[in-house]
Amino acid sequence: MPKASEIRVFAPATVANVACGYDVLGFAIDSPGDEIVVRHGTKPGLHITSITGDDGKLPKKPEQNTAGVAALDLLKHLGMTDRPIEMEIHKKMPFGSGLGSSAASAVAGAYAVNKLIGEPLSKRQLLPFAMQGEYAADGAWHADNVAPCLLGGIVFIRSNQELDVAQLPAPENLWAAVIHPDIEVLTKVAREILPKEIPLENATQQIGNLGGLLCGLIQSDYGLISRSIHDVIAEPRRQKLIPEFYKAKRAAMGAGALGFSISGAGPSVFALCEGEETARKAAADVSEVFSTIPVTCQSHVSKINPHGVHVIEG
Ligand code: HSE
């Protein structure tokens with residue numbers, strides 16, 4: 001592969017958990033997403049030269065920055081930490097949004113640097129390095145944002161420890177409506193309110209729903225998908241972090257959604273729908289509910305993004 005002088009990449013937002021797949025299922029959407037630009041520099045080592053869209057919140061020291069950690073971990077693995085590389089980070093997603101913001105930065109950092117140096121590793125081989133960046137951000141080891149952001153599509157994680165992941169097909173007419181109410185939920189807090197142990201009955205229900213959802217996706221069986229998108233473990237505990245959650249859920253289901261739940265740790269919520277029109281109606285109706293809190297929201301209607309992170313034109 002020839003070495004490019006500058007690379008700009010886009011890493012998409014992701015919906016983690018997808019209701020019944022806590023920490024083991026996620027999918028990518030078309031937008032929003034973070035952008036990272038890397039170029040060959042003059043001073044040895046990785047340098048973050050500018051960050052935009054972060055309100056000055058993100059550290060520029062690579063070893064303290066999500067994208068920097070992922071890139072550094074990759075360079076260390078390749079024995080190239082002295083390689084002069086400059087990185088610009090353009091955050092286009094809010095923090096603590098449930099849209100996989102930190103995962104997108106981590107994925108973009110590792111992917112961009114790998115591209116710049118001639119692509120020694122495949123996308124799939126970048127997974128452990130991007131994971132280190134995500135881990136630096138939220139202190140928990142789960143690939144349900146990183147893996148779909150990197151690989152695209154719907155990704156099932158058999159084991160987070162072994163990073164054993166499998167991509168699933170997305171039914172042709174499956175659309176997602178993702179709505180982000182402008183409140184902050186820290187992933188750490190949303191994880192701490194979950195119980196360490198769950199009743200066997202809940203585990204059985206959740207396993208049944210997860211299996212049903214995977215089968216429904218593989219068979220393009222919208223009825224089975226709809227009967228399966230239920231979370232009896234995280235959603236009942238986390239809904240209290242999202243004002244009017246159940247009203248929003250009723251609005252989405254009333255609009256014809258197949259299912260509705262919390263995107264990742266929240267506060268974003270998502271509806272899976274058959275067809276674009278239903279997804280747009282669900283997004284509008286859920287946004288209307290949130291407007292009564294009152295809180296502003298951004299909604300994103302998208303098919304499942306099959307590409308994941310990719311190079312874009314400057
Ligand atoms: N699976 C994670 C959680 C996603 O629900 O805590 C966080 O982005």
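Arg 191 has an N or O atom in its side chain that is 2.7 Å from an oxygen atom of the ligand. Bear in mind that this is a predicted model. Two other side chains can be listed next to that one. An oxygen atom of the ligand also has a polar side-chain atom of Asn 145 at 2.8 Å. On Asp 23, a side-chain N or O atom is 2.5 Å from a nitrogen atom of the ligand. As for area, the ligand taken alone exposes 260 Å², and the protein buries 95% of that.

Now the shell. Around the ligand we have Ala 16, Asn 17, Tyr 22, Asp 23, His 142, Asp 144, Asn 145, Thr 187, Arg 191, Arg 238, Gly 264 and Ala 265. By class, that shell has three nonpolar, five polar and four charged residues.

Next, cavities. How many cavities of 30 Å³ or more does a search of the whole structure find? The search finds one. The volume of the largest cavity is about 60 Å³. Its lining consists of Asn 17, Ala 19, Tyr 22, Asp 231, Ala 234, Glu 235, Arg 238, Ser 261, Ile 262 and Gly 264. Asn 17, Tyr 22, Arg 238 and Gly 264 are among the residues that line this cavity and also among those that surround the ligand.

How values were computed. Residues numbered from 1 in each chain as written. Predicted model: local features only at pLDDT ≥ 70, side-chain atom pairs only at ≥ 80, totals over all residues. Heavy atoms only, no water. Near = heavy atom within 4 Å. Polar contact = N/O pair within 3.5 Å; in protein donor to acceptor, adjacent residues only side chain to side chain. Areas by Shrake-Rupley, 256 points an atom, 1.4 Å probe, with all protein chains shown as cover. Nonpolar A, V, L, I, M, F, W, Y, C, P; charged D, E, K, R; others polar. 1 Å grid on protein atoms, 1.4 Å probe; cavity = no way out; pocket = protein on both sides within 12 Å on 5 of 7 lines; lining within 4 Å. Points joined across faces, edges and corners; volume = space filled by probe spheres on them.
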